[in-house]
Amino acid sequence: MNQAARHIGRTLAFVLPVVLVLSGTLAVTRVPWAAPSDRTQVLTASSHTASTQAKAARAPHEVLRDRLLTELQEKNPGVALTHLQQAAEGRPSLARHCADIARALGRAAVAKYGSVRQAQAFSRPVCDTSFATGVAQNH
């Protein structure tokens with residue numbers, strides 16, 4: 001009996017850590033916040049493309065700002081402000097960047113029209129009148 005208990009103890013001492021490590025590894029790879037495996041890309045430290053891929057990934061608020069600045073140039077600041085307001089309401093994570101984007105739009109409007117008065121004509125209360133602040137910063 002004593003020898004059988006010792007044999008079971010040794011077997012558990014060997015098998016139990018292996019089972020715990022494997023189950024912990026599998027648990028971490030299957031959490032809901034992990035990226036789906038078909039979109040996951042692993043980069044090694046020696047990968048020469050790692051720095052270019054890191055630069056290519058831009059934050060959503062930067063993409064939105066660039067898109068709205070282009071829209072301001074192609075159309076007018078009113079259209080860009082409307083789309084900024086819709087984006088901030090649709091994606092609450094963008095709301096904290098709304099004022100910065102609106103100020104950038106205000107500065108770009110002054111640059112486009114060459115006149116604070118003309119740029120100010122598009123001002124409205126989007127993101128706590130930050131567009132007007134951006135316009136006024138060029139004065």
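Me: Is D100 buried, exposed or partly exposed?
Reply: D100 is partly exposed, with a relative accessible area of 44%. Keep in mind that this is a predicted model.

Me: Which residue does the side chain of D100 meet in a salt bridge?
Reply: The partner is R103, and the N to O distance is 2.4 Å.

Me: Why would those two pair up at all?
Reply: Side chains of opposite charge can pair when their charged atoms come close.

Me: How far apart are R103 and D100 along the helix?
Reply: R103 and D100 are three residues apart in helix α5, so about one helical turn separates them.

Me: And how accessible is R103?
Reply: R103 counts as partly exposed, at 23% relative accessibility. The cut-off for buried is under 20%, so R103 at 23% does not count as buried.

Me: How many salt bridges does the structure hold?
Reply: There are three.

Me: Where is D66 found?
Reply: D66 is in helix α3.

Me: What are the accessibilities in that network?
Reply: R58 is partly exposed, with a relative accessible area of 41%. R65 counts as partly exposed at 29% relative accessibility. D66 is partly exposed too, at 29%.

Me: How far is D66 from I101, in sequence and in space?
Reply: D66 and I101 are 35 residues apart in sequence, and their C-alpha atoms are 9.1 Å apart in space.

Me: New topic. How many disulfides does a search of the whole structure find?
Reply: The search finds one. The disulfide joins C98 to C127, with an S to S distance of 1.4 Å.

Me: Are C98 and C127 buried or exposed?
Reply: C98 is buried, with a relative accessible area of 5%. C127 counts as buried as well, at 17% relative accessibility.

Me: What about S130, where does it lie?
Reply: S130 is in helix α7, which covers residues 130-136. At 5% relative accessibility, S130 counts as buried.

Me: What does S130 touch?
Reply: Leaving out residues up to four places away in sequence, S130 touches A99, A102 and R103. R103 is the residue whose side chain meets D100 in a salt bridge.

Me: Let's zoom out. How many helices and strands are there?
Reply: The protein has seven helices and zero strands. Read from the N terminus, the elements run α-α-α-α-α-α-α.

Me: How much of the protein is buried?
Reply: Of the 139 residues, 22% are buried. The protein exposes about 10,000 Å², and carbon and sulfur atoms supply 59% of that area.

Me: What share of the contacts is between residues 24 or more positions apart?
Reply: Such residues account for 65% of the contacts with a separation of 6 or more.

Me: Which residues form a nonpolar patch on the surface?
Reply: F14, V15 and V19 form one, with about 290 Å² of accessible area together. V19 has its place in helix α1 (residues 2-29). V19 is partly exposed, with a relative accessible area of 45%.

Me: Last thing. What is the mean pLDDT of the protein?
Reply: The mean is 79, and 75% of the residues reach 70 or more.

Me: Which elements have the lowest and the highest mean pLDDT?
Reply: Helix α2 (residues 50-56) has the lowest, at 55, and helix α3 (residues 60-74) has the highest, at 95.

Me: What do I do with a low value?
Reply: Where pLDDT is low, the predicted coordinates should not be read in detail.

Methods: Residues numbered from 1 in each chain as written. Predicted model: local features only at pLDDT ≥ 70, side-chain atom pairs only at ≥ 80, totals over all residues. Heavy atoms only, no water. Patch = residues over 30% accessible without salt bridge, like charges linked within 9 Å, V, L, I, M, F, W, Y side chains within 5 Å. Areas by Shrake-Rupley, 256 points an atom, 1.4 Å probe, with all protein chains shown as cover. Salt bridge = Lys/Arg side-chain N within 4 Å of Asp/Glu carboxyl O. Helix = DSSP H or I, 4+ residues; strand = E, 2+ residues; numbered from the N terminus. Buried < 20%, exposed > 50% of the residue type's maximum accessible area, 1.4 Å probe, protein only. pLDDT = per-residue confidence, 0-100. Contact = heavy atoms within 4.5 Å. Disulfide = S-S within 2.5 Å.
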